[in-house]
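Biologist: Thanks for making time to go through this with me. Could you walk me through the side-chain contacts and the enclosed space?

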Amino acid sequence: MVLSCMPRIHVARLLSLVLIGAVAPAAAQAPLRTAPTVAWAATAGFRDWGAVVKVGDLVIGANVNGRGGLYAVDDATGKVKWRVGTEHGSEAPVSDGRVVVMPWWQAEAIAAYAVTTGKPMWRVPFRFVRTNPIALADGLVIAQNGTDGSLHAFDVATGAERWTLKITTRFWACGAAPVIADGTIYVASGVQTPADAKKDYFLHAIDLQTGQERWRYNPQPEYPNAGTCLTAIVPVGDTIVATGDAYLYGIDRQTGRHKYRAEPRDHGRREPLFGLVSAGAYVFGMSRGQISAFDPRSGRVAWQLDGAFRDGFAAMAAADGVLYFQGFLPARDAARGEANGILHAIDVATREFLWDFTYRTEEPWSFHRVTPFDGGLYVDTYKVLLKLK
């Protein structure tokens, strides 16, 4: 294990430090703390699974690279129960337990299907932002229009539009997915060719039920006429932690007031952050050479883990004080000779490594996404979706 600290602290003492503050865990479910076994490996005839959602006794996801449709897999056996459509998926379906809603980016539509059967329930034309998943809470599906800078709320039961709000003058350019917490939508906006970029990028707080904007925050980088497009948004306590370029921002959740703009370094280099998640007392972010644990109240680096990580295969998630991430750690993985990805689990309070996991596929492939559920994980790799227990 390679740990670097800011400031430098003896490793033996580092492992016994008291947690910073009282931050709620990212997930309530029991984490997978012991070396996992493969409960099943689901195949559906395509290469690339997208993000999945667990709904009752089904796991539902789509093929995101090619004409594959939406699939429901039996959670007990890994067998496909139903499939609908042959369209390109986007990032992730969402569900309220009765219907599952899927953004079809190539067909430019959002569609809902009955969870148990896959029966079509409603469909609305919509040209959303391909890289940004839709969100769902309290009976509303939230989606961003990719052409005119508007945000829309649809009734999850009927597809009827409940409200729309135009928050930019041109189409979207930012990559942060909308996040819903405590009745508020947090969403980033930006434009492709702004005249004054410092004035054209925002984080918005919007009332979920009414669509009324509560506040907007303009991230201000230090460079003249350079805007910051926020690419990850994580609510933690009374703070919104967000990343943009190589900065970490802290914003007051109630007022939109600026708290901090930190510029963490990766071995002295300025590197973009990705894969932002909340776990235990920290918010974690990846750069190419390190995973950093940040104090969400100040943005200061608490500790760092050296390795090699890739933005396109960040595969980082958290459940009740356990952080799961994919990457290559020289001190642990050098002797493996593994061509495929390596998934790690670490206790964020003690910094103890709990387990490592690899899975051989016919091509040397990494894990793409990690989705925790109660006592396990769903992870996807080349042509397969795995249930780990």
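This is a predicted model: local features need pLDDT of at least 70, side-chain atom pairs count only at pLDDT 80 or more; totals for chains, interfaces and linings use all residues.

Biologist: Let's start with the rings: is the pair F126 and F154 stacked, tilted or edge-to-face?

Modeller: The ring centres of F126 and F154 are 5.6 Å apart, and pairing asks for centres within 6.5 Å.

Biologist: Nice. Now the charges: which residue has a salt bridge with D356?

Modeller: The partner sits in helix 2 (residues 330-333), whereas D356 is in strand 30 (residues 353-357), 24 residues away. The N to O distance is 2.8 Å. With a relative accessible area of 31%, it is partly exposed, and it is R332.

Biologist: And in the salt bridge of R98 and D96, which residue counts as exposed?

Modeller: The two side chains meet at 3.2 Å, N to O. D96 has a relative accessible area of 28%, which lies between the 20% and 50% limits, so D96 is partly exposed. The other residue has 61% relative accessibility, over the 50% cut-off, so the exposed one is R98.

Biologist: Is D266 buried or exposed?

Modeller: D266 meets R269 in a salt bridge of 3.4 Å, N to O, and R269 is partly exposed at 39%. D266 also belongs to a network of salt bridges with R269, E271 and R288. Its own relative accessible area is 2%, and under 20% is the cut-off, so D266 is buried.

Biologist: Last one: how many charged residues are in the lining of the largest cavity?

Modeller: The structure holds two cavities of 30 Å³ or more, and the largest has about 50 Å³ of space. Its lining includes P264, L273 and Q304, along with R265, D266 and E271. The lining divides into two nonpolar and four polar residues, and the charged ones number three.

How values were computed
Residues are numbered from 1 along each chain as its sequence is written. Side-chain values use heavy atoms; hydrogens and water are left out. Rings of Phe, Tyr and Trp (its six-membered ring) pair if their centres lie within 6.5 Å; planes under 30 degrees apart count as stacked, over 60 as edge-to-face and the rest as tilted. On a 1 Å grid over the protein atoms alone, a cavity is a set of points where a 1.4 Å probe fits but cannot get out, and a pocket is an open set with protein on both sides within 12 Å along at least five of seven lines; lining residues have an atom within 4 Å of a point. Grid points are joined across faces, edges and corners, and a volume is the space filled by probe spheres set on the points. Ala, Val, Leu, Ile, Met, Phe, Trp, Tyr, Cys and Pro count as nonpolar, Asp, Glu, Lys and Arg as charged, and the others, Gly among them, as polar. A salt bridge is a side-chain nitrogen of Lys or Arg within 4 Å of a carboxyl oxygen of Asp or Glu. Buried means under 20% relative accessible area, exposed over 50%, partly exposed in between (1.4 Å probe, protein chains only). Helices (H or I, at least four residues) and strands (E, at least two) are DSSP runs, numbered from the N terminus.
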